[in-house]
Amino acid sequence: MNCDFTFKHYNAILTIAKNVGYRFGNFKESRQGPVLILRHDVDFSPRNALRFGTLEAEKGVRSTYFFLLRTPFYNLLEYNVVSVLRQLRKLGHEIGLHFDQQAVRVVDRRVLEAEVLYELSVVSRILGEEVKVVSFHNPLNNVFCWNAASFTNAYAASFFLKEMKYLSDSNHQWREGCLCRLLKERKYDRIQVLIHPELWDTRPGNVVERLTKAVNDSRLACQGYLEERNDVFKKRK
Ligand SMILES: [Zn+2]
Ligand SMILES: [Zn+2]
């Protein structure tokens, strides 16, 4: 088996997880026994998130997708993005807020909590249902093991470190080797795995290639918008 960052290998990882008896959990309800919480932080590409969500649903797998409000890569109010959120819900997945602490330049937890609640209210309004779960983008140390009173923090103690093994595909670096092997060995009973949809694709490729594609897709989206809306730009040579 090739341990690359392709949809094919992700599919194989899900098959292994199911075969060895993991149950797929979320941040809303606690589950007994071998449990795997799949978390997707959507840093660049809602479209790739939907590809993941579709693949998971075909295998009967449920996960949670976290979206940013403050990013130059996508706009949560844009029609196509709202449509991705709704389709993910229809496929049975949960939606959460991916909160960029550095964008609001806030460290103090009391002020931070108010900012998070504000963004949660915006995402809830967009989705048309209450969103209460939050993952932090480029987190600072003070959000780890923070059991916030007014929302569910994906880095709260009950999902992190002591009570759950936490693994991430950040920069294509599984710190303990590919997830497929850890699952096959049933090394950990309770696991939260963070997977960034945009770091995976149909073909193998490195992180820089994946990020370059995200930048190009974003540029093409802006270009397409201008070609549709701006006559001068449309008629350019
Ligand atoms: Zn592998
Ligand atoms: Zn992120």
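Ile13 is buried, because 23 other C-beta atoms lie within 10 Å. The model is a predicted one. Ile13 belongs to helix H1. Leaving aside residues up to four places away in sequence, Ile13 touches Leu179, Cys180 and Leu183. Helix H6 covers residues 179-184. Thr212 is another matter: Ile13 and Thr212 are 199 residues apart along the chain, and their C-alpha atoms are separated by 26 Å.

Next comes helix H2. H2 spans residues 46-58. The helix has 13 residues and reaches 18 Å from its first C-alpha to its last. That is close to the 18 Å expected at 1.5 Å a residue. Several residues of H2 are buried: Pro46, Asn48, Ala49, Leu50, Phe52, Gly53 and Glu56. What do they pack against? The buried residues of H2 pack against helix H1, strand E2, strand E3 and helix H3. In residue numbers, H1 is 7-19, E2 is 35-42 and E3 is 64-68. After H2 comes Gly60, with a positive phi near 75 degrees.

H3 takes in residues 79-90. The axes of H2 and H3 are 10 Å apart, and the helices pack at an angle of about 15 degrees. An angle under 35 degrees counts as roughly parallel, so H2 is roughly parallel to H3. The crossing of the two helices is left-handed. Which residues meet there? From H2 come Pro46, Ala49, Leu50 and Gly53. From H3 come Val81, Val84, Gln87 and Leu88. By class, this contact has 6 nonpolar residues, 2 polar ones and no charged ones. Pro46, Ala49, Leu50 and Gly53 are also among the buried residues of H2.

Val131 and Leu117 are 14 residues apart in sequence. In space, their C-alpha atoms are 9.9 Å apart.

Two loop residues then call for a look at the backbone. Most residues other than glycine have a negative phi. Cys145 has a positive phi, near 60 degrees. Cys145 lies in the loop between E5 and strand E6, residues 152-153. Cys145 counts as partly exposed, because it has 16 C-beta neighbours inside 10 Å. Asn171 also has a positive phi, near 55 degrees. Asn171 is found in the loop between strand E7, residues 165-168, and helix H6. With 10 C-beta neighbours inside 10 Å, Asn171 counts as exposed.

The walk ends at helix H7, residues 207-229. H7 has 23 residues and reaches 33 Å from its first C-alpha to its last. The expected value, at 1.5 Å a residue, is 33 Å, and the helix is close to it. How many of the 23 residues of H7 are buried? The number is 0, so H7 lies largely in the open.

Definitions and conventions: Residues numbered from 1 in each chain as written. Chains lettered and ligands numbered in written order. Predicted model: local features only at pLDDT ≥ 70, side-chain atom pairs only at ≥ 80, totals over all residues. Axes fitted to C-alpha atoms, helices over the stretch in contact; angles between N-to-C directions. Helix = DSSP H or I, 4+ residues; strand = E, 2+ residues; numbered from the N terminus. Parallel < 35°, antiparallel > 145°, perpendicular 65-115°, else oblique. Left-handed = near helix turned anticlockwise from the far one by under 90°. Contact = placed C-beta atoms within 7 Å. Nonpolar A, V, L, I, M, F, W, Y, C, P; charged D, E, K, R; others polar. Expected span 1.5 Å × (residues − 1). Buried ≥ 20, exposed ≤ 12 C-beta atoms within 10 Å, placed from the backbone.
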